[in-house]
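Here is a friendly tour of one model, written for someone who likes to see the cut-offs. Have the viewer ready and follow along.

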Amino acid sequence: MNDAAGHPHLQDVAAALGRAGSVVVLTGAGISAESGLKTFRGGEKDMDSLWKQFDPMTLATPEAFDADPETVTRWYDWRRLGCLAAEPNPGHTALARIEREITARGGRFTLLTQNVDRLHQKAGSRAVVELHGSIIEWRCVGCSARTVPPPEPFERFPPPAACCAGEPLRPDVVWFGEMLPASALHAAEAAMAGCDLFLSVGTSSVVFPAAGFVRLAAASGVPTVEVNRDPTPISGLVRWSILAKTGDALPAIAAGAFGVG
Ligand code: OAD
């Protein structure tokens, strides 16, 4: 396995994964960075991360959409097309493999993601809970019916919903000030009950409620792991902190737990 990369806890984490019966993984934008998608805050070095280039209050709130639906829709359409063009990287693929290995031996695996890009599903992950929705699906502002728009730029801004005359489509993502989908929160809580290994992967761990899960796991005595390129507020709280790129660390952890393949 890739211990040569200098990650002292890889062996411990691989061994814990090899034993675990009920695994929860939380991912954030860092895991998709190696697929070419921008993070939101990133690390100190990431001057092109989204919230350093754009003001979220003018783009990612219901009030922003009400005030200027065209600008908000153009921005989300630009990101939607970027997500559709992106391909999963070895970090995504490793998580899909870990799920297959654990479920094949009768264990439980749940992938909670804050990402809206659908790259986990594209990599083959199945038990994915989208805490912040999806940028690939859009929904009618009038009746909430969901649709997957074709992979071309929208022709009109905002695009009209097919179901309710005069109502626009909006991205099916969670904006600042909005609640997380109740079904996603319930699925996350069900996964947390009985979890015996928790991994926090590629997230700055500052946005709640998602950032609360690792803290809950640690407070409950569940072994916790962080895989992140840069230190975060939870780095000192987890049992094993692996400061590495997810595309390097996750395949090495999977190989250590389940063998090369
Ligand atoms: P952030 O941009 O806040 O954090 C990404 C983390 O990934 C940072 O800690 C980076 O250091 C790390 N990182 C970058 N590249 C990496 C790599 N190759 N390997 C490992 N780690 C890497 O993104 P999130 O934590 O996902 O919410 O942000 C949480 C939420 O804030 C998002 O879901 C979004 C945003 O506002 C909504 O839109 C509702």
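## Around the ligand

The ligand is surrounded by 25 residues, the closest being Phe40, Arg41, Thr203, Ser204 and Asp230 (a residue is near if one of its heavy atoms lies within 4 Å). This is a predicted model, in which local features need pLDDT of at least 70 and side-chain atom pairs count only at pLDDT 80 or more, while totals for chains, interfaces and linings use all residues. Numbering runs from 1 along each chain as its sequence is written, and side-chain values use heavy atoms, with hydrogens and water left out.

Some polar contacts (pairs of N or O atoms within 3.5 Å) are worth a look. A polar side-chain atom of aspartate 230 lies 2.4 Å from a ligand oxygen atom, and a backbone N or O atom of glycine 202 is 3.4 Å from an oxygen atom of the ligand. At threonine 246, a backbone N or O atom lies 3.0 Å from a ligand nitrogen atom.

Helix 1 (residues 10–19) packs against helix 10 (residues 246–258) at an angle of about 55 degrees, their axes 8 Å apart. Helices here are DSSP runs of H or I with at least four residues, and strands are E runs of at least two.

By class, this contact has nine nonpolar, two polar and no charged residues.

## Cis prolines

The peptide bond from phenylalanine 157 to proline 158 is cis, with omega near -10 degrees. Proline 158 sits in the loop between strand 5 (146–147) and strand 6 (169–173).

Technical notes. Axes are lines fitted to C-alpha atoms, for helices over the stretch in contact, and angles run from 0 to 180 degrees between N-to-C directions. Ala, Val, Leu, Ile, Met, Phe, Trp, Tyr, Cys and Pro count as nonpolar, Asp, Glu, Lys and Arg as charged, and the others, Gly among them, as polar. A polar contact is a pair of N or O atoms within 3.5 Å; within protein, one must be able to donate a hydrogen and the other to accept it, and residues adjacent in sequence count only if both atoms are side-chain atoms.
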